[in-house]
Amino acid sequence: MSHAALLVLADGRFPAGGHAHSGGVEAAVASHGVHDAASLEAFCRGRLHTAGLTTAGLAAAAATGYDPMALDEAADARTPVPALRQVARKLGRQMLRAARAAWPCPELDRIAHRLPQGAHQPVVLGVAARAADLTPLDAAQCAVYESIGGPATAAVRLLSLNPFDATALLARLAGELDDVAHAATDAAARLATDGVKVLPAASSPLLDITGEQHAAWPMRLFAS
């Protein structure tokens, strides 16, 4: 395993399109649910234990070598809102392009061929991690960090928040990030015997509702 590859995959500058998405925090700011560092931390914690856990499970599962087509269907079942499904596939398509350039492999090529509209982003993330010779836990760590790192960065722009405060809250959540990543990886390890039903399916109804509403906004700073 190359720790440098893990850094590349988790780097916010990896050209996978995440910078254009707020992870739901733009809608939360508009509704005044997020308005300062404390409310942003609460938002990130909630997102980590719901959407973050679910995506980490899918990413870890893909990194084990499990059938990505089956995982993509499982991701669809865990993403009930059409707007967020579209976002997940768009991000997956962008990540696939970057991953195929960085770590060319037949499995990434097969995904591109079989799902030209894009696979769900965490599934692509897990396959990319495997192509980079990373572990399922590495893939889960990337997924959980993305789940809150994106919203925290977006909130700095949306609220003119002090970036030191945003970084500090990410540091405070580090232990919970590890716990969620390990839980997701433990679930993925049981895939062979229990199938995709064992993967986390934590729901976040408010994120689903505001995600659909946000997609209909005529003017917005972020794509989601």
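How much accessible surface does the protein chain have, and what percentage of that surface belongs to carbon and sulfur atoms? The accessible surface comes to about 10500 Å², and 58% of it belongs to carbon and sulfur atoms. Accessible areas come from the Shrake-Rupley method with a 1.4 Å probe, and for residues only the protein chains shown count as cover.

This is a predicted model, in which local features need pLDDT of at least 70 and side-chain atom pairs count only at pLDDT 80 or more, while totals for chains, interfaces and linings use all residues. Residues are numbered from 1 along each chain as its sequence is written, and side-chain values use heavy atoms, with hydrogens and water left out.

**Whole chain**

The chain has 12 helices and 0 strands; helices (H or I, at least four residues) and strands (E, at least two) are DSSP runs numbered from the N terminus. The C-alpha trace spans about 45 × 35 × 35 Å along its principal axes.

Colour by accessibility next. Of the 224 residues, 50% count as buried. Buried means under 20% relative accessible area, exposed over 50%, and partly exposed in between (1.4 Å probe, protein chains only). Contacts (heavy atoms within 4.5 Å) can be viewed by sequence separation: of those with a separation of 6 or more, 81% are between residues 24 or more positions apart.

**Helix α5**

Select residues 82-102, which form helix α5. α5 has 21 residues and reaches 30 Å from its first C-alpha to its last, close to the 30 Å expected at 1.5 Å a residue. The expected span is 1.5 Å times one less than the number of residues. Buried residues of α5 include Val 87, Arg 89, Leu 91, Met 95 and Leu 96. Which helices do the buried residues of α5 pack against? They pack against α4, α6, α7 (121-131), α8 (136-159) and α12 (205-215).

**Salt bridges**

Arg 89 and Asp 76 meet in a salt bridge (3.2 Å, N to O). A salt bridge is a side-chain nitrogen of Lys or Arg within 4 Å of a carboxyl oxygen of Asp or Glu, and the count by this rule comes to 10. Asp 76 lies in helix α4 (residues 68-77) and Arg 89 in α5, so the pair, 13 residues apart, links distant parts of the chain. Arg 89 is buried at 13% relative accessibility, whereas Asp 76 is partly exposed at 28%.

Move to Arg 110 and Glu 107, whose side chains meet in a salt bridge at 2.9 Å, N to O. Both are in helix α6 (residues 106-114), where being 3 residues apart separates them by about one helical turn. An α-helix has 3.6 residues a turn, so residues three or four places apart point the same way. Arg 110 is partly exposed at 44%, and Glu 107 is partly exposed at 25%.

Then select Asp 194 and Arg 190, which form a salt bridge at 4.0 Å, N to O. Salt bridges that share partners also join Glu 41, Arg 45, Arg 172 and Glu 176 into one network.

**Helix α3 and the cysteines**

Select residues 37-63, helix α3, and find Thr 50 within that helix. Is Thr 50 buried or exposed? Thr 50 is buried, with a relative accessible area of 16%. Leaving aside neighbours within four places in sequence, Thr 50 is in contact with Ala 202, Ser 203 and Ser 204.

Now select Cys 44, which is buried at 1% relative accessibility. The closest cysteine sulfur to that of Cys 44 is in Cys 142, 17 Å away, too far for a bond. Cys 142 is in no disulfide either, as the nearest cysteine sulfur, that of Cys 105, is 16 Å away. A disulfide is a pair of cysteine sulfur atoms within 2.5 Å, and the count comes to 0.

**Two loop residues**

Finish with His 32, in the loop between α2 (25-30) and α3, and Ser 160, in the loop between α8 and α9 (163-172). His 32 has a positive phi of about 70° although it is not a glycine, and is exposed at 62% relative accessible area. Ser 160, also not a glycine, has a positive phi of about 55° and is exposed at 67%.
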